[in-house]
Amino acid sequence: MKRKKPQVVLKNVVITDYAAEGKSLARIDGKVIFVEKVVPGDVVDIKLNKNKKDFAEGFPVHFVEYSKDREEPFCNHFGLCGGCIWQMLPYQKQLQYKHQQVTDSLQRIAKVNLPEIDTIIGATETRYYRNKLEYTFSTKKYVTNEELAVLKKDGNVYEDIAAAGFHARGFFDKVVEIETCHLQEEPTNAIRNAVAAYAKENNISFYDIRNHVGFLRNMMVRLTTTGEIMVNIVVGENYKTTIEQLMQFVLQQFPQITTLLYTINTKFNDSIFDLEPIVVKGNGYITEKLENYQFIISPKSFFQTNTKQAEKLYSITRNFAELDGTQTVYDLYGGTGSIGIFVSNKAKKIIGVELIKEAVDDAKENAKINNLSNAEFFVGDVINICTDDFFEKHGKPDVIITDPPRAGMHEKLVRKLLDMAAPIIVYVSCNPATQARDLALLDEKYTVTKVQPVDMFPHTHHIENVVQLKLK
Ligand code: SAH
């Protein structure tokens with residue numbers, strides 16, 4: 001049998017700085033220790049779960065003193081829910097740490113010459129800012145030790161409890177039962193609670209993620225600033241009558257839903273990208289507005305989740321592109337074409353590239369409803385689509401806008417961008433670390449000329465950052 005290493009507990013550790021990815025840090029004898037669930041100013045006893053030569057990782061087992069920067073979280077589910085993990089920090093502090101993380105990443109990872117980094121643009125609304133939430137229905141409610149003690153009292157055997165809500169922090173199978181979430185406007189909580197109550201009253205099962213059985217699985221709620229509501233309920237079993245009755249219930253209870261769909265997912269994973277949502281009411285999509293542009297959003301398409309901040313993010317992107325009506329603009333990782341369309345009236349031509357076919361279908365439709373005649377969109381992996389032939393066919397790029405997922409750009413694409421040598425690149429990123437890595441490669445030919453972080457996700461540690469690069 002393998003002997004367990006003794007666990008190291010460090011006492012009275014002063015947390016001094018914010019690190020990244022929601023973790024803060026302490027320094028002991030020159031060694032950096034990354035600690036989760038704490039903020040700078042806390043004094044804690046920590047247990048180490050990783051102890052390497054030059055750094056360690058740990059978590060708090062006892063708070064000796066709380067940071068004076070802490071404030072009371074407003075949500076009852078704080079601490080258990082994997083959602084807003086930064087609610088214990090005042091919003092101004094959250095912004096300060098996000099700004100600092102962008103600066104740190106660009107200085108330490110990119111190591112390129114940097115201009116002054118503009119102050120992060122905060123959100124005017126720090127609650128109810130999300131236009132999309134995805135809930136999980138599960139047989140495995142997360143119960144705290146105190147709740148468990150009550151449930152097991154008098155020798156009772158504890159059995160799984162069904163719950164609707166969000167995944168518990170650090171658990172893939174456990175779900176925190178949510179009563180009120182403050183991330184999205186009503187009727188989001190009303191719909192989730194009503195569907196869960198209806199299912200329980202009618203003995204409809206919730207999904208068991210370990211054994212892959214059960215009916216109610218996930219639910220996505222999308223709201224627009226124009227008042228539209230889309231609900232897509234994902235079920236794990238194809239029971240026609242149960243589906244019909246559930247849909248009737250939702251329609252009766254929530255006549256304000258403009259598009260109601262369901263999706264049958266009998267696969268082992270939660271992804272619905274390879275499945276066909278079935279429309280029960282409405283046209284199967286919703287329409288959002290940014291400035292005077294309209295965007296249709298289908299159930300499977302990506303759309304920036306904070307509409308108000310998306311408008312600011314796109315305006316910055318448009319300013320950084322320095323368009324005067326003569327340029328050919330490539331919009332890489334374009335999603336539903338939203339950035340390209342948003343900048344289109346100042347460009348000669350927009351060429352969008354995106355992996356997901358449905359998103360490209362939306363992009364084409366979006367170009368149509370916004371009366372664009374200068375935009376084209378292509379489906380495929382950027383590294384396969386963006387070839388010399390492609391650029392030759394559609395025109396030498398004057399501006400390249402790139403907005404990759406968290407992993408950043410594929411190195412092959414970065415090399416291609418260096419080859420193409422567009423005068424301006426605008427790099428929109430949701431992960432400053434991978435963005436910094438890519439900037440280091442682009443440094444061969446480009447100077448970073450502007451940096452503007454934007455906060456799209458209050459109460460979380462997630463950051464959006466826009467960088468302008470100019471050809472040297
Ligand atoms: N610019 C868009 C979408 C940004 S999210 C907006 O602001 O709404 C990143 C997008 O990149 C997603 O739509 C995702 O489907 C797409 N994507 C991810 N990997 C890709 C790849 N290898 N090639 C092309 N698109 C990709």
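User: Which strands each supply at least two residues of the lining of the second largest cavity?

Analyst: They are strand E7 (132-138) and strand E10 (216-223); strands here are DSSP runs (E, at least two residues), as are helices (H or I, at least four), numbered from the N terminus. E7 gives the largest share of that lining, three residues. The model is predicted, so local features need pLDDT of at least 70 and side-chain atom pairs count only at pLDDT 80 or more, while totals for chains, interfaces and linings use all residues. Residues are numbered from 1 along each chain as its sequence is written, and side-chain values use heavy atoms, with hydrogens and water left out.

User: What makes a space count as a cavity?

Analyst: On a 1 Å grid over the protein atoms alone, a cavity is a set of points where a 1.4 Å probe fits but cannot get out, and lining residues have an atom within 4 Å of a point. Points are joined across faces, edges and corners, and the volume is the space filled by probe spheres set on them. Three cavities of 30 Å³ or more are counted.

User: Why is Asp173 called buried?

Analyst: Buried means under 20% relative accessible area, exposed over 50%, and partly exposed in between (1.4 Å probe, protein chains only). Asp173 has 5%, and is therefore buried. Lys174, at 26%, is therefore partly exposed.

User: How do you know that Lys174 and Asp173 form a salt bridge?

Analyst: The criterion is a side-chain nitrogen of Lys or Arg within 4 Å of a carboxyl oxygen of Asp or Glu. The N to O distance between Lys174 and Asp173 is 3.8 Å, and the pair meets in a salt bridge. By this rule there are 30 salt bridges.

User: What parts does the salt bridge of Glu125 with Lys308 tie together?

Analyst: The closest N and O atoms of Glu125 and Lys308 are 3.2 Å apart. Glu125 lies in the loop between helix H1 (91-110) and E7, and Lys308 in helix H5 (residues 307-321), so the pair ties together parts that are 183 residues apart in sequence. Glu125 is partly exposed at 36%, as is Lys308 at 46%.

User: Is His461 buried or exposed?

Analyst: His461 is buried, because its relative accessible area is 14%. This residue is found in the loop between strand E21 (446-454) and strand E22 (464-471).

Terms used:
On a 1 Å grid over the protein atoms alone, a cavity is a set of points where a 1.4 Å probe fits but cannot get out, and a pocket is an open set with protein on both sides within 12 Å along at least five of seven lines; lining residues have an atom within 4 Å of a point.
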